[in-house]
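Subject: Structure for you to look at

Hello,

Here is the structure I said I would pass on. Please open it before reading the notes below.

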Amino acid sequence: MSGTLHNKRNAFRSFRTFGATSRYFRGGATSNFDEVIVPDSPDFPTGAQTWSCWVKPARLTTHNSGQDMMTKWGDQGSNELSAILFLSNSFGGGQPQFYISSNGSNVFLAASSVSLTVDTWHHIVGVFTPSTSMQIYVDGVLTGSNTTSIPSAVHDSPADFVIGWRDFSFVATF
């Protein structure tokens with residue numbers, strides 16, 4: 001799979017590197033932010049998965065849709081749900097949550113019990129173990145899990161895989 005960095009400005013101008021080749025970008029859905037879009041592909045895995053990212057939120061929102069980190073999550077009415085890792089708007093905002101769908105519309109959740117801190121780097125991980133569990137980690141600590149009626153596979157929806165925002169909604173930026 002390959003992705004395209006979509007940016008309304010210069011995404012990598014004078015950005016620092018971590019190690020020999022990695023880069024960072026500003027996630028979000030406004031003209032000042034960037035996103036990486038990987039077009040839908042039959043190569044999207046439906047079995048065991050681990051989604052991992054580093055985030056440094058400049059703010060936490062109580063916006064209706066939360067703040068997306070990584071998503072393959074389209075329109076629920078069109079059975080386009082696969083998986084999403086985002087910050088919830090509940091309880092003042094900033095709680096990481098990991099959702100998966102087994103059929104494009106029914107969803108299963110692992111929600112963190114802790115909120116992120118503004119202007120601090122956090123490592124967020126969502127883990128799906130088919131028919132067994134979903135877990136969410138914040139900075140290496142298990143902060144939420146679900147073992148109830150976990151499906152055997154993640155639905156492979158036609159939605160693109162996006163890092164930084166969800167392409168159909170008014171999701172709040174970082």
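Of the 174 residues in the protein, 44% are buried. Please keep in mind that this is a predicted model, so what follows describes a prediction and not an experiment.

Overall make-up

The protein has 11 strands and 0 helices. Taking contacts between residues at least 6 apart in sequence, 60% join residues at least 24 apart. The protein exposes about 8,600 Å², and carbon and sulfur atoms supply 51% of that area.

The average pLDDT of the protein is 78, and 69% of the residues score at least 70. Confidence is lowest in strand E1 (residues 4-7), where the mean is 51, and highest in E9, where it is 98. Over residues 7-18 the pLDDT stays under 50. The model still has 27 contacts beyond four places in sequence for that stretch. Where pLDDT is low, the predicted coordinates should not be read in detail.

The open sheet

Which strands make up the open sheet, and in what order? There are 4 of them, in the order E3-E8-E9-E10, and the pairing is antiparallel. E3 and strand E10 (141-146) are the edge strands, each pairing on one side only. From one strand to the next, the twist averages 15 degrees.

You can go through the sheet pair by pair:

- E3 and E8 run antiparallel and are joined by 7 bridges. In this pair, Cys53 stands opposite Ile124 in E8.
- E8 and E9 also run antiparallel, with 6 bridges between them. Val125 has Tyr137 in E9 as its bridge partner, and Gly126 has Ile136 in E9. The two strands form a hairpin with 3 residues between them, and Ser131 in the turn has a positive phi of about 60 degrees.
- E9 and E10 are antiparallel and joined by 5 bridges. Gln135 stands opposite Ser145 in E10. These strands form a hairpin with 2 residues between them, and Asp139 in the turn has a positive phi of about 55 degrees.

Is E8 enclosed or open to the outside? Of its 8 residues, 6 are buried, so E8 is largely enclosed by the rest of the structure.

The nonpolar cores

In soluble globular proteins, nonpolar side chains tend to be buried together. The largest nonpolar core here has 23 residues. Those with the most contacts inside it are Trp51, Met69, Leu85, Phe98, Ile100, Ile124 and Met134. Several strands each supply at least two residues of this core: E3 (49-55), E4 (67-73), E5 (81-88), E6 (95-101), E7 (107-111), E8 (122-129) and E9 (133-138). Apart from it lies another core, of 5 residues, among them Leu81, Ile84, Phe86 and Tyr99.

What does Trp51 touch, not counting residues up to four places away in sequence? Its contacts are Phe44, Met70, Thr71, Lys72, Ala83, Ile84, Leu85, Phe98, Ile124, Val125, Gly126 and Phe161. Two of these, Phe98 and Ile124, are also listed among the residues with the most contacts inside the largest core.

One residue to look up

Phe108 lies in strand E7. Is Phe108 buried or exposed? Its relative accessible area is 17%, and the cut-off for buried is under 20%, so Phe108 counts as buried. Leaving aside its neighbours within four places in sequence, Phe108 is in contact with Phe98, Tyr99, Ile100, Ser102, Met134, Thr148, Ser149 and Pro151. Met134 shows how the fold brings separate parts of the chain into contact: Phe108 and Met134 are 26 residues apart along the chain, while their C-alpha atoms are separated by 8.3 Å, and the two residues are in contact.

If you want a place to start, find Phe108 in E7, then follow its contact to Met134.

Regards

Key
Residues are numbered from 1 along each chain as its sequence is written. This is a predicted model: local features need pLDDT of at least 70, side-chain atom pairs count only at pLDDT 80 or more; totals for chains, interfaces and linings use all residues. Side-chain values use heavy atoms; hydrogens and water are left out. A nonpolar core is a set of buried Ala, Val, Leu, Ile, Met, Phe, Trp, Tyr and Cys residues joined through side-chain atoms within 4.5 Å. Buried means under 20% relative accessible area, exposed over 50%, partly exposed in between (1.4 Å probe, protein chains only). Contact means heavy atoms within 4.5 Å. pLDDT is the predictor's confidence in each residue, from 0 to 100. Accessible areas come from the Shrake-Rupley method with a 1.4 Å probe; for residues, only the protein chains shown count as cover. Two strands pair if DSSP finds at least two bridges between them. Axes are lines fitted to C-alpha atoms, for helices over the stretch in contact, and angles run from 0 to 180 degrees between N-to-C directions.
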